Amino acid sequence: MASQARGLQNFISDLRNAKSKEEESNRVERELAKIRRKFAAGLSSKSSSNDASNPALSSYQRKKYVWKLVYIHVLGYEVDFGHSEVLMLVKSNKFSEKQVGYVALSLLLRGGDPLINTIVNTIRSDLISAGAPSHMKSSVGSQNDTTQSLALCSIANISGLELIQALHVEVQHNLVSKTSSPNVKKKSALCLLRLVRTSPNLFAGREFAPHIAQLLQDRHLGVLTSTMSLLNGLAGQHPAEYESLIPYVVHILGMLVLKKACAKEYLYYRTPSPWLQIKLLKFLQLYPQALLEKDANPSSKTSIAQLTQAVSKILTETDVSDSINKSNADHAILFEAVNLIVCWGSTGPQQLREGAMKLLGKFISVREPNIRYLGLMTMAKLAQLDGGSAEGVKKHQATVLVSLKDADISVRRRALDLLFVMCDSDNAERIVDELVNHLVLADAAIREEMVLKIAILAEKYATDLRWYVDTILKLISISGDHVSDPIWHRVVQIVTNHPQGDLQAYAAATLLVAASPRRCHETAVRVAAYVLGEFGFLIAERPGMSGEEQFRILHQHWHNSDATTRAILISTYAKLANLYEECRPLVAPVFARCKNSVDVEIQQRSAEYAAMREAFSPEAVEDLLREMPPFEDKEQTALEMRLKEKEGEDSAAVVKAARPSAAQRQRAAQAAAAKAAEEEAARQNDRDIRDDSNGYTNGKNSVVVGIPKEVIPAMRKAFSNLCTSPSGVLFENSLLQVGVKHEYQGSQGRITVFFGNLGSNLLKHFRVSIDDCDHLRVQKQGTEGLLDDEDGGGCSVAVRTQAKLLLLVEVMAPFDDAPAMRVKFETTEGIKHEYPLRLPIVATCFMEPVILEAGAFMQRWKSLEGQERECQEIVKAPQNAPEIDEEYMDRIAAIITEGLKFGRCAGCDPTPWTISGAATFRTGSKDKNGNNINVGCLVRVEANPQARAFRVTTRTLHPLCSKAVKNVALVSIKLA
Amino acid sequence: MIKGILIINNHGKPRLAKFYQSVTSEEIQQSIIRRIFQQVASRPDSFCNYLEGSIPEWGSNIKLIYRHYATLYFVFAVDSQESDLGILDLIQVFVEALDKCFENVCELDLIFHADRVHYVLDEIVMGGMVLETNISLILQAIEDQARMDKKSQGMGNAQQAGTETVKQQLGAGTHWA
């Protein structure tokens, strides 16, 4: 065998004995300097060119130094000289030199190296150096044969463009030449493959296919294996051109699998050449239609029969072996066969698919990690097939979930991928919940991937988009750092694009709650800010969710937010300030401060928003701050692109993500129908376009007009007023006026609601529905048909007449919400209207005043101290209000006594700047002894005239009462 | 195709590095070797032999298929075209070939006879493609080359270096399979 020079041995030993990295690199530098000197020795006298080699070196020395260079290169040091010595060795006639030269050449030179050009001719002559056929057969490994091999190996390893152009003809010739030895054929095939990969379309497939057919009839399994590698490479580029070779391939497969015909030395642990079998099966995967009989040709029929027989034999006769190597080889073939079955899909025999599924089910539950890993991976491919297989996969859900918790990340990834692929509308909720639960425990390496996949699944299979919003919120709270921008942008898109139902209001309310805690993830703040800016107005009626409170909740995160979040917040603030007058004084100082921000974006936004009101007409401002139009639905979402980026084109997950789910198709159809209907309605109704420009749709081919955004502030004010006054107007637009009269006695109330037609036409199908709530017992009585909630039902309200609704209510428990009322009707033009309103039935309606002595008040006040029972909030007086003086305080006192129905406890108010009150909240519920349950309530308002602010504190026996009383007190004081 | 083959010892020292999809500089090569070692070395032997590693220089979707023998990691970085278990077997073939070639191969053989390791590998994998998996043919080719080598050197001025004395049994050898 080849042996090495002592100098090289010593050098290696020196390096191994080096105690530190420095010592090693010093030794290397010394050696490099020495070699450089040796190589250059002949230069100065002989030639000026740096390329030339030193002819004075002996063969032994040259080889030794080149090997040293190779060794140094492998250690990671740069070797930038000596290439000419390498070329010298390649050019040598001595095999020992040539061999070293070629190995060094492929290690030290790269494809584009210009030096290659100088050696092309040598390589060519080595390539065509084959001797006479007669002598080739007898002598094993003649010099020429081996030299050819070396050259081929080098070309393959370097694979530069120049080499390919210069030499591919010779390589081809070697491959197909009858005189080439098997060794040369093998290497030529692979060399050619390498060249084709670097430079596709090197030759025409149709002309080359017959040569391959010739080679496929070779008896040498090594030649067959290499030929199959080449064929797979070629057919992968142009499958159609090699389709004619299928019978040859099937024939070889049949020989190996069915007849076990294989030279003894190609048995690998008793399995006939597994590599060749794998390659054959891989080739067949390029032709998913192979089993379809195109013609009645009997030979093609036999071929098909032989193929299914072979595949079925692989499937059924692979048994578990004790030897891990034997089992690896067999399973490698088996997995490739399953891949082929997956490839055939429904054109393949049913029983093969079932057999494959059964086997994979077994594999994914074994302990051996490799088989489990591959089982999960292959099952993901099988799960993608339509019809039947997906159902089969679902049976294994529990087993897959076990692998999701495996210690090995490779296995976990595959399990995640499989879960992703097997998910559909039936099991989506369960799988997504499992994944979300697992996310809490998952380590960082897999989290980003999980978050992305959960987000895609939740969107894809949500039958209720509210669930989707909830899921993403959970992702943000568990793993906010991995929720990339595309994910939360997608939430915004989906919420914006689905005005049907109450998704937008739901999203706004949920996000407001999510952003309420002082500490929450910045991504949550971003989504909340954006969604509230767009749809906050839908929930502003709800207690604790007014525009002002929306601002407060968002603004508490300002100091911990980065520039991007702040920019979003600023736009949201501008929208809030536009809608709610009371937000303007809160927002103005933020804008004023931000005008000096170092961040250009923030500076510009705040300056523009601040100046907007003076610069433009109110209509223009309204236009600027209108909700964003629906987003365009792209063919491929950003999430899918991200997934593709991570996993590549042919991943099962990517294919799955790109395929729209039933739920998505349904949503798309609804949206399209709604859009068509909207256009239709717009055409019908261009007279009164303003009224329905803000309309939203219910997805049933008809447009429903909602409450225009412009009237919302007035509506809120009317609602607040009504909470503390016995009668008034709740809602008014050009068509309809809703008036309310309400009176209470203890726990019972009598509410009359009037619906007046203000328009010039009949209102048809006029209906009112009131949501049931647990805390109120309600009896309803109304104009005939008014409470009939079916489409097409309802009563008609003629011009200038009213429909009437009478409600008798009894309160059963404390509450802080107002009952929702939905008003629906249709105009004579057929435009449907639907207004969600709230009845001003709030907790303070059921108060009975109590007058307490100062001592008794203070005693109860102290006894109710504690977090749950107390609510406190500070409210600023409205900007346009007069100074806070005694007269002002009298008005506030009147609100407390008359509006909130509290008894004034004047003994507790030594100065004019405080107001104390007490009341009992009466309910109709009975305790064990049969007495009505009552809740004692105390309130104190303290004024700070300098700061123009009031502090409202409530203490009651029940937390909800405290909150409800505080809320009513706050809005009433603001309106005072 | 096979993008690269590495043999790295337990301490992260590369004993063989073959890049079939070449990268631009030694520096990047070394950084790839380091990253591969970090990813592979952190996994206990009970884990599976596959790792969806991230080697951006070789494109996305690269899988590291490796086996750990005593003091050495044999790592093949492959793309999705290769059969996963097939490569695992190929590693076994490579190791068995080395074992036959060196008669109980150990890490020191790979250090002092890097040339022969390269010759063996070149008979198994060529340009990132599997060339031969039949161990006797692989050894035959190596022997042919050796014979040619001797012949061309005439009397063979090679000196058998004293590696035998330093050669230690490092847990490799017959227990490899």
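Modeller: A residue counts as buried under 20% relative accessible area, as exposed over 50%, and as partly exposed in between (1.4 Å probe, protein chains only). This is a predicted model, in which local features need pLDDT of at least 70 and side-chain atom pairs count only at pLDDT 80 or more, while totals for chains, interfaces and linings use all residues. Residues are numbered from 1 along each chain as its sequence is written, chains are lettered from A and ligands numbered from 1 in the order in which they are written, and side-chain values use heavy atoms, with hydrogens and water left out.

Colleague: Is Asn201(A) buried or exposed?

Modeller: Asn201(A) lies in the loop between α11 (182–198) and α12 (205–215) of chain A. Helices here are DSSP runs (H or I, at least four residues), as are strands (E, at least two), numbered from the N terminus. Because its relative accessible area is 57%, Asn201(A) is exposed.

Colleague: Is Glu31(A) buried or exposed?

Modeller: Glu31(A) has its place in helix α2 (residues 21–40) of chain A. Not counting residues up to four places away in sequence, Glu31(A) touches Phe11(A) and Lys68(A). Its relative accessibility is 2%, and therefore Glu31(A) counts as buried.

Colleague: How many residues of α4(A) are buried?

Modeller: Helix α4 (residues 59–75) of chain A reaches 24 Å from its first C-alpha to its last, close to the 24 Å expected at 1.5 Å a residue. The expected span is 1.5 Å times one less than the number of residues. After α4(A) comes Gly76(A), with a positive phi near 105°. α4(A) is mostly covered, and the buried residues number 14 of its 17.

Colleague: What is the distance between the end C-alpha atoms of helix α19 of chain A?

Modeller: Helix α19 (residues 369–383) of chain A is mostly covered, with 14 of its 15 residues buried. At 1.5 Å a residue, its 15 residues should span 21 Å, and this agrees with the separation of its end C-alpha atoms, 21 Å.

Colleague: How are α26(A) and α27(A) oriented to each other?

Modeller: The axes of helix α26 (residues 485–497) and helix α27 (residues 503–515) of chain A come within 8 Å and cross at roughly 140°. Axes are lines fitted to C-alpha atoms, for helices over the stretch in contact, and angles run from 0 to 180 degrees between N-to-C directions. Angles under 35 degrees count as roughly parallel, over 145 as roughly antiparallel, 65 to 115 as roughly perpendicular, and the rest as oblique. α26(A) and α27(A) are therefore oblique.

Colleague: Which residues of α26(A) and α27(A) make the contact?

Modeller: The residues of this contact divide into four nonpolar, two polar and no charged. Ala, Val, Leu, Ile, Met, Phe, Trp, Tyr, Cys and Pro count as nonpolar, Asp, Glu, Lys and Arg as charged, and the others, Gly among them, as polar. From α26(A) come Ile494(A), Val495(A) and Thr496(A), and from α27(A) come Leu503(A), Gln504(A) and Ala507(A).

Colleague: What percentage of the residues of chain A count as buried?

Modeller: Chain A has 41 helices and 19 strands. Of its 976 residues, the share that counts as buried is 55%.

Key. Contact means heavy atoms within 4.5 Å.
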